[in-house]
Amino acid sequence: MLMKLCLAIVLLLSSVHLAPCQVSTPDQEQNKTQAQEQIGYKSAQDADQRKTLLLKDFEPVSMLHGSVHRVDRAKYYVIDVHNHTNDAMRIEEHMPPQRVIEVMNNTNVKTVVILTGMWGDKLQKVIDEMVKPYPGRFIVFTQIDWSKIDDPNFSQKMVAQLDDAVSRGARGLKVLKDLGLGVRDKSGKLITVDDPRLDPVWEECGRLGIPVSIHVTDPEAFFHPVDNKNERYEELTEHPDWSFYGSQFPSKQTILEARDRMFAKHPHTTFVALHVANWPENLDYVSHLLDSLPNVMIEFGAREAELGRQPRRAREFFLKYQDRIMFGTDNGMQEEMYRNHFRWLETADEYFDYWGYPGQGRWKIYGMELPDSVLEKVYHKNAERLFGQFKSSGVMTRANP
């Protein structure tokens with residue numbers, strides 16, 4: 001009996017010694033449950049309810065460890081063919097001219113083209129403030145006075161106005177996007193881009209050897225519903241008047257087709273189709289345009305975002321059409337704005353903010369690292385060839401600024 005009792009005690013002690021860790025405390029059980037919840041593979045049941053951060057407050061910081069190359073000054077001097085600094089329409093806030101020159105000097109920008117110079121006395125003020133005091137630093141364009149569209153002598157008046165503007169010192173004609181979208185005659189009919197009343201104006205520009213910088217339509221998304229599928233939803237919510245969706249507007253394609261017919265009708269006039277011919281989302285279309293019409297050039301003002309998100313296609317495009325592309329910004333005057341563009345054109349940096357991000361859309365851009373020979377053409381050589389067409393004889397009744 002004593003032997004059996006001793007054996008039982010030994011067995012009991014052995015079991016206690018071998019399995020003390022099988023007993024867990026309440027805290028251990030809670031930690032185990034939390035760990036299982038944290039490393040789960042299914043979405044939380046309340047995930048949708050917790051997505052309360054407003055899009056406007058979403059400012060993610062990229063964790064990408066990529067190359068960052070700061071380009072303080074352009075590798076070659078620059079002619080910015082698309083700007084509105086101190087223009088007649090006051091599209092941008094007025095800046096002291098010396099500050100504008102300082103920005104240019106700091107970034108290797110030799111010349112800025114002020115597109116919206118209007119006409120008459122307003123044009124003269126821009127010339128007196130910006131062109132004459134700084135020889136070689138600024139070029140100003142004139143515009144069409146649409147308030148006279150119903151005048152029976154509209155064509156002749158606009159030709160005379162153009163000649164007067166050139167005699168004052170204008171070196172080109174700028175057409176805003178209201179042509180085709182907003183300019184109407186007294187009957188309410190939209191004036192099309194290829195309206196025959198404008199033919200004498202385009203022809204006069206060709207005779208004078210001055211370019212026509214023309215902006216018609218806008219980004220493709222502006223012609224689609226402003227809803228959850230629109231990639232520029234935030235921009236269009238900020239600027240609802242930029243939406244051209246609806247039956248009251250012609251389609252983007254209709255307007256561009258009228259413009260392209262007009263280009264073809266005036267082969268002796270050079271047209272600068274602004275904003276990458278206003279369809280950088282569709283470089284196949286822009287390529288066809290350039291292949292078909294040798295009198296058309298382009299620039300990329302305010303379209304760095306569109307081109308920068310398709311770096312391989314854009315680089316191929318720049319290499320093929322290196323003699324037809326000019327540098328433009330359409331983004332005011334700041335050193336960092338120019339430097340952002342230089343980084344995009346000159347470096348191979350990846351996944352960085354375009355200038356103004358996320359104003360046009362929530363995507364990043366990639367550098368193209370263009371060859372030096374292409375950079376030099378885009379930065380200034382193509383623009384110099386464009387403005388070298390000017391014919392001064394017979395029109396310069398005033399001193400050349």
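## Reading the sheets and rings of a predicted chain

Mentor: Let's begin with the parts list: the chain has 15 helices and 9 strands. Helices (H or I, at least four residues) and strands (E, at least two) are DSSP runs, numbered from the N terminus. This is a predicted model, where local features need pLDDT of at least 70 and side-chain atom pairs count only at pLDDT 80 or more, while totals for chains, interfaces and linings use all residues. Residues are numbered from 1 along each chain as its sequence is written, and side-chain values use heavy atoms, with hydrogens and water left out.

Trainee: What share of the 401 residues is buried?

Mentor: Buried means under 20% relative accessible area, exposed over 50%, and partly exposed in between (1.4 Å probe, protein chains only). Here buried residues make up 49% of the 401 in the chain.

Trainee: And which contacts should I look at?

Mentor: A contact means heavy atoms within 4.5 Å. Of the chain's contacts with a separation of 6 or more, 76% are between residues 24 or more positions apart.

Trainee: On to the sheets. What is the strand order in the open sheet of 3 strands?

Mentor: Two strands pair if DSSP finds at least two bridges between them. That sheet runs S1-S2-S3, with parallel pairing. Its edge strands are S1 (78–83) and S3 (138–140), each pairing on one side only. From one strand to the next, the twist averages 20°.

Trainee: How many bridges hold S1 and S2 in their pairing?

Mentor: S1 and S2 (residues 109–114) pair in the parallel sense over 4 bridges.

Trainee: How do I read the two faces of a strand?

Mentor: In a regular strand the side chains alternate between the two faces of the sheet. Take S8 (residues 296–299): Val296 and Ile298 on one side and Met297 and Glu299 on the other are all buried, so both faces are covered. S8 is joined to S7 by 3 bridges, in parallel, and Val296 is the bridge partner of Phe271. S8 also pairs with S9 in the parallel sense over 2 bridges, with Met326 in S9 as the partner of Glu299.

Trainee: Is H7 mostly covered or mostly open?

Mentor: H7 (residues 199–208) is mostly covered, with 7 of its 10 residues buried. Among them are Trp202, Cys205 and Leu208. The buried residues of H7 pack against elements including helix H6 (154–168) and helix H9 (252–265). After H7 comes Gly209, with a positive phi near 75°.

Trainee: What describes a pair of aromatic rings?

Mentor: The distance of the centres and the angle of the planes. Rings of Phe, Tyr and Trp (its six-membered ring) pair if their centres lie within 6.5 Å; planes under 30 degrees apart count as stacked, over 60 as edge-to-face and the rest as tilted. The structure holds 23 aromatic pairs. In one of them, Phe327 and Phe342 are tilted, 6.1 Å centre to centre with 40° between the planes. Phe327 lies in the loop between S9 (325–326) and helix H14 (335–346) and Phe342 in H14, so this pair ties together parts 15 residues apart in sequence.

Trainee: Why is the pair of Phe342 and Tyr379 edge-to-face?

Mentor: Because the ring centres are 5.9 Å apart and the planes are at 85°. Phe342 lies in H14 and Tyr379 in H15 (residues 372–387), so the pair ties together parts 37 residues apart in sequence. Phe342 is buried, with a relative accessible area of 0%, and Tyr379 is buried with 0% as well.

Notes: Axes fitted to C-alpha atoms, helices over the stretch in contact; angles between N-to-C directions.
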